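Please read them with the structure open.

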Amino acid sequence: MKKIFAMLLTGTMLFAMAGCSKPASAPAAPADTAAKTAEAKPAETKTADKKLVVGFAQIGAESEWRTACTNSIKGEAEKLGIDLKFSDAQQKQENQIKAIRSFIAQKVDVIGISPVVESGWETVFKEAKDAGIPVVLVDRNADVPEDLYVTRIGSDFKEEGKKAAEEMATLLGGKGNIVELQGTVGSAAATDRLVGFQEVITAKYPDIKIIKSQTGDFTRAKGKEVMEAFLKSDGQNIDALYAHNDDMAIGAIQAIEEYGLKPGEDIKIVSVDAVKGAFEAMIAGKLNVTVECNPLLGPQFYEVCQKIMNNESVPKYIPSEEGIYRQDTAAADLPSRQY
């Protein structure tokens, strides 16, 4: 029995020693392999250890253009893996101000905003600055001191108005009566498109008169409503329509047809944005010219956000690339349009 007990004890000790032993370590990687691994490591940035968090206060969904802009902002964020806090203000400035304060409370890295109107932002922008959160204006401008925002990305609205005026003058042969559908009162786009258009007409085309001008709030329904009123009061005197965006122009086209006239022929039409609906109207002969305002601002916006996080310099204004589209090329242009 003693011999048997001794044999069992010896076996148990050998098993325990085998279980506690460590496997042989793997051979060291060659020096050149280690160097390559180090080179492949991405450069460290301010956001290397976490996702970039961005708050974006959008105006709403008043037009095809705005929807395309929103899709670009959301789609690019998803593509880049950015944590986007998105707010739809439904055309109300107070909702955008609430959204900015919410973004400040959430301590986002950057705040982007398309201001519904130009005035009334200084207080809340200063709150963002005091919290150390940079503000980027996307599409529209804000009437605030330049130190309260980093940059504005978007169109030169005044230049769009000037382009529209030259196109209108060509269509009318330098003579005629125009009615104007303005965008939202107080918005940068409406103000500058009006000023740019009127500057050219006043300086160069004395025989072109703007006989009526009223806001259509950038919406199709309101554009139709206001055009109906124009036609009721001055139907036989209207030679052309200048609309601050395509959606209002499309609404006005419906009003013109219901009145019994041919849009694009009896009443020439120039509008701004260059959305797909405008190209379809041009192909149908109902719209003459659309001046482009590019809504696909997501890529530029997030590029700027990353530069800010990396402490890189950013210009105070970053323009969009835009063109002019006319009836005669609309059918060829439409298939390549992204919005």
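1. Basis. This is a predicted model, in which local features need pLDDT of at least 70 and side-chain atom pairs count only at pLDDT 80 or more, while totals for chains, interfaces and linings use all residues. Residues are numbered from 1 along each chain as its sequence is written, and side-chain values use heavy atoms, with hydrogens and water left out.

2. Helix α7. Helices (H or I, at least four residues) and strands (E, at least two) are DSSP runs, numbered from the N terminus. Helix α7 covers residues 188–204, which is 17 residues. The expected span is 1.5 Å times one less than the number of residues. For α7 that gives 24 Å, and the end C-alpha atoms are 24 Å apart, so the two agree.

3. Buried side of α7. Buried means under 20% relative accessible area, exposed over 50%, and partly exposed in between (1.4 Å probe, protein chains only). The buried residues of α7 are Ala188, Ala189, Ala190, Arg193, Leu194, Gly196, Phe197, Val200 and Ile201. They pack against α6 (157–172) and the strands β6 (176–182), β7 (208–215), β8 (240–243) and β9 (268–273).

4. The α6/α7 pair. The axes are lines fitted to C-alpha atoms over the stretch in contact, with angles from 0 to 180 degrees between N-to-C directions. Here the angle is about 40° and the axes are 7 Å apart. α6 and α7 are therefore oblique to each other; angles under 35 degrees count as roughly parallel, over 145 as roughly antiparallel, 65 to 115 as roughly perpendicular, and the rest as oblique. Contact means heavy atoms within 4.5 Å. Among the residues that meet are Phe157, Gly161 and Met168 in α6, and Ala188, Phe197 and Lys204 in α7.

5. Cores. A nonpolar core is a set of buried Ala, Val, Leu, Ile, Met, Phe, Trp, Tyr and Cys residues joined through side-chain atoms within 4.5 Å. The largest has 71 residues, and Met227 and Phe301 touch the most other members. Leaving aside neighbours within four places in sequence, Phe301 contacts Val54, Phe56, Ile73, Gly112, Val136, Val138 and Ile153.

6. Loop between β7 and α8. Asp217 counts as partly exposed, at 30% relative accessibility. Phe218 is in the loop between β7 and α8 too. Phe218 has a positive phi of about 65° and is not a glycine. Phe218 is buried, with a relative accessible area of 4%.
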